[in-house]
Amino acid sequence: MKIKRLLLSVLLLPTLSLAQTPNFNFTGKVGNLNKPAMVYFDYMDNGASREDSVALVNGAFKFSGNITSGNAYARMALDHTGKGKGHAVYTGDVIYFYFGKEQFALTSKDSLQTANIMGSKVYDESEAYNKAIGGTIMAVTKKANMEFNAGTLEQKKDTAYVKIIDQRFRKRVQDRTDKQFEFAKANPTSYFALVALSEAAGSKVDLAKVQPIYNALSKELRATDMGRELAQRIEANGLTAIGKVAPLFTQNNEVGKPISLTDFKGKVVLVEFWASWCSPCRAENPNLVKQYKAYHDKGFEIISVSLDHVKQNWLEAIEKDGLAWTHVSDLKGWNNEVGRLYGVRAVPASFLVDAEGKIIGNGLRGEPLNLKLAEIFK
């Protein structure tokens, strides 16, 4: 028996070794930077989040790994001064791009913003897609900011000037969305048709417009995690409409105890989607604290569903903001199962559920939420 087990182990070794062989290799060189300069590399692979980091040595870095799908979406941030990942991601040198099961490279004289990426067919396809639709949303936003900053001090204070910049920005965004729908229609077998449709559909899905294009996509695209998520969003559009019974869910709280929406039967419940990193969410929290104190004893409850993926950040935000109600999360970030069930693609998002379990409010916050609660508990 021992001999047979040993033989089996030996036979499995080549298979295990093969499974661990990286299917992508990403090398790069940014000038001649050394410590404390760090590169942070985060990417989404078929719904799963991965992250890595490395210190630059004479400007060079290397990342290797395995992706299960043919297309992964990456965020790469370069911290030049050792201030940490948060600083690099939100205020520093950061880029976003797609890659595949490939060997590819990045080169730049000084920063990621001026970098060239070579050797990735997936990256080249994504660049062609972005060119076809008018650029990434970050590029469109950057252009609007540049136009605003090009104005004089007097112009920046002029509401008419600001309105013109805003109108141009919104026009570009709408044109880009229209082109995304056109791209998705014209390229039903392209992965970037799915990317286009997923982004253009948004949170409030126009079923008449989105459903036919989605149905025309290839089976392979619809079977990807992004394809399944979009299908959930399309379905959620009907499930979470005003007057519908709120979709039931169960998810663990901060200490691992399962919490269900049915636990609050007979209560008025605000199902609130948020995250510790979401500034608008955190800005609304003082108002939620006030409303909770005012109406909790009358039958008002809040279930906050966090789209965090780092537990410590989630817990610290709850404590710092003084959020004394029920909190749940599976720490899967944007892939939170409740978030996907409700079709949430942006936070803050909320659904007000009455004592009978029916949705009576969608996206209420601030004064509209306050007025609705005052009406209910008058």
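Modeller: Start with Asn58, which has a relative accessibility of 40% and counts as partly exposed. The model is a predicted one.

Biologist: Why is Asn58 called partly exposed?

Modeller: Buried needs a value under 20% and exposed a value over 50%. Asn58 has 40%, so the residue is partly exposed. Asn58 sits in the loop between strand S3 (48-55) and strand S4 (60-65).

Biologist: Is Leu331 buried or partly exposed, and how do you know?

Modeller: Its relative accessible area is 26%, which lies between the limits of 20% and 50%, so Leu331 is partly exposed.

Biologist: Why is the contact between Asp225 and Arg340 called a salt bridge?

Modeller: The side chains meet at 3.1 Å, N to O. The cut-off is 4 Å between a side-chain nitrogen of Lys or Arg and a carboxyl oxygen of Asp or Glu, so the pair qualifies. Asp225 lies in helix H10 (residues 225-239) and Arg340 in helix H13 (residues 337-341), so the bridge ties together parts 115 residues apart in sequence. Both residues are buried.

Biologist: What makes Glu229 and Arg345 a salt bridge?

Modeller: Their closest N and O atoms are 3.6 Å apart, and the limit is 4 Å, so the pair counts. Glu229 is in helix H10 and Arg345 in the loop between H13 and strand S14 (349-353), so parts 116 residues apart in sequence are tied together.

Biologist: How do you know which of these two partners is buried?

Modeller: Glu229 has 5% relative accessibility, under the 20% limit, so Glu229 is buried. Arg345 has 32%, so Arg345 is partly exposed.

Biologist: Why does the pair Asp321 and Arg282 count as a salt bridge?

Modeller: The closest N and O atoms are 2.5 Å apart, within 4 Å, so the pair meets the definition. The pair links distant parts of the chain, with Asp321 in helix H12 (residues 311-321) and Arg282 in helix H11 (residues 279-295), 39 residues apart. Arg282 has a relative accessible area of 23%, so Arg282 is partly exposed.

Biologist: How many salt bridges does the structure hold?

Modeller: The structure holds 14.

How values were computed
Residues are numbered from 1 along each chain as its sequence is written. This is a predicted model: local features need pLDDT of at least 70, side-chain atom pairs count only at pLDDT 80 or more; totals for chains, interfaces and linings use all residues. Side-chain values use heavy atoms; hydrogens and water are left out. Helices (H or I, at least four residues) and strands (E, at least two) are DSSP runs, numbered from the N terminus. Buried means under 20% relative accessible area, exposed over 50%, partly exposed in between (1.4 Å probe, protein chains only).
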